[in-house]
Amino acid sequence: MAFLEKSLRLSGEVMIPYTARLLDITMNNNAIPGDWKKAVVIPIYKGRDRSVVGNYRPDSLTSVVCKQLEHIITGCLRQVWEISGWLYVGQHGFRPRYSCQKQVVTFCQDIADSVDEGVRTDEIIIDFSKTFDLVPRERLLTKIAATEVDLRVVVWVKESLLGRPQRVTVDGQLSEEVRVTSGVPQGSALGPLLFLVHVTDIWRNVESNIWLIAVDCVIYRKIMVSSDDKLQMDQNRLREWAVENEMKINPCKSKAVNLTKDGVKERIMYYFGDQLTFKTRAYYI
């Protein structure tokens with residue numbers, strides 16, 4: 001297997017027919033070699049306390065052969081979903097022509113327009129915990145199967161996710177191998193697209209503006225009267241969506257923000273469940 005991976009790196013276009021043949025074999029036999037699913041996880045430090053496991057992002061080093069095939073599958077899925085318009089237009093990041101910078105510019109323009117109108121805008125920034133790790137595979141596969149995708153591709157994606165073993169490497173030492181029973185692998189070619197598939201229906205039943213920037217989510221709306229509770233109601237709907245889709249919102253890292261040209265005379269407080277856990281801040285522009 002190591003020899004095959006090295007050949008793929010060095011041979012370039014010469015290996016295309018052989019790669020296509022490998023994909024054809026795996027798709028027609030509904031099976032992927034176990035070695036292709038093995039991953040070595042490198043913890044990437046994100047910041048804050050280095051002794052806290054949650055402050056590291058797990059990046060998976062996977063088979064080069066499998067990554068090549070994942071790129072092909074990813075291209076196929078993107079083509080079908082982009083043409084059909086199935087992916088939510090408010091999703092930016094992990095998509096060609098849908099950069100995070102473009103989304104930020106759109107959001108800032110909306111806020112600037114509100115300021116020019118002298119209207120206050122409230123926003124809630126939602127932080128999801130362990131986004132890639134918590135994606136429920138069965139629900140994800142059900143969503144994929146509901147689109148106009150070749151069933152063989154759905155089965156291939158399923159096979160690529162099931163029975164994935166991984167080990168963690170720290171300072172050159174490897175941990176014991178364990179089976180991964182949920183989520184999509186970070187560091188794979190297919191993982192980011194699968195995450196987008198899982199969250200593409202997050203906007204349903206939400207009346208406020210909602211944007212997804214990579215794995216982050218923000219909802220906001222103009223506040224015309226202090227009794228406006230629609231943003232809170234939308235936040236409640238997002239919480240229900242998260243429970244239904246087995247995603248976890250981190251209330252400690254989520255924030256509510258008041259954006260206004262004048263002082264906030266009557267601040268609206270936003271709740272996570274029955275507790276006032278969102279940190280509400282006011283910014284005068």
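Buried means under 20% relative accessible area, exposed means over 50%, and partly exposed covers what lies in between, with a 1.4 Å probe and protein chains only. Keep that at hand for the exercises below.

The model is predicted: local features need pLDDT of at least 70, side-chain atom pairs count only at pLDDT 80 or more, and totals for chains, interfaces and linings use all residues. Residues are numbered from 1 along each chain as its sequence is written, and side-chain values use heavy atoms, with hydrogens and water left out.

**Exercise 1. Two loop residues**

Task: Find where Gln186 lies, decide whether Gln186 is buried or exposed, and list what Gln186 is in contact with. Then do likewise for Val149.

Solution. 
- Step 1: Start with the elements, where helices (H or I, at least four residues) and strands (E, at least two) are DSSP runs numbered from the N terminus. Gln186 sits in the loop that links strand S8 (178–180) with helix H8 (191–199).
- Step 2: Gln186 counts as buried because its relative accessible area is 14%.
- Step 3: Contact means heavy atoms within 4.5 Å. With neighbours within four places in sequence left aside, Gln186 is in contact with Arg57, Pro58, Asp59, Ser60, Phe132 and Asp133.
- Step 4: Val149 belongs to the loop between helix H6 (137–145) and helix H7 (151–161). Val149 is buried because its relative accessibility is 14%.
- Step 5: Not counting residues up to four places away in sequence, Val149 touches Leu77, Val80, Trp81, Ile144 and Val154.
- Step 6: For a sense of distance, take Val149 and Gly118: they are 31 residues apart in sequence, and their C-alpha atoms are 47 Å apart in space.

**Exercise 2. The strands around S10**

Task: Work out which strands pair with S10, and in which sense.

Solution. 
- Step 1: The rule is that two strands pair if DSSP finds at least two bridges between them.
- Step 2: Strand S10 (residues 216–223) pairs with S9 in the antiparallel sense over five bridges. Bridge partners here include Asn209 with Tyr220 and Leu212 with Cys217.
- Step 3: Strand S4 (residues 120–126) also pairs with S10 in the antiparallel sense, over seven bridges. In this pairing, Ile125 stands opposite Val218.
- Step 4: S9 (residues 209–213) has a parallel pairing too, joined to S3 (residues 91–92) by two bridges. There, Gln91 has Leu212 as its bridge partner.
- Step 5: As for cover, six of the eight residues of S10 are buried.
- Step 6: Now look at Thr121, which is in strand S4. Thr121 is buried because its relative accessible area is 3%.
- Step 7: Thr121 and Tyr220 are 99 residues apart along the chain, with 6.8 Å between their C-alpha atoms. Beyond four places in sequence, the contacts of Thr121 include Ile111, Ser114, Tyr220 and Val257.

**Exercise 3. Positive phi**

Task: Describe the phi and the setting of Ala214 and of Asn205.

Solution. 
- Step 1: Recall the background: most residues other than glycine have a negative phi.
- Step 2: Ala214 is not a glycine, yet has a positive phi of about 60°. S9 and S10 form a hairpin with two residues between them, and Ala214 is in the turn.
- Step 3: Ala214 counts as buried because its relative accessibility is 18%.
- Step 4: Asn205, also not a glycine, has a positive phi of about 75° and is placed in the loop between H8 and S9.
- Step 5: Asn205 counts as exposed because its relative accessibility is 66%.
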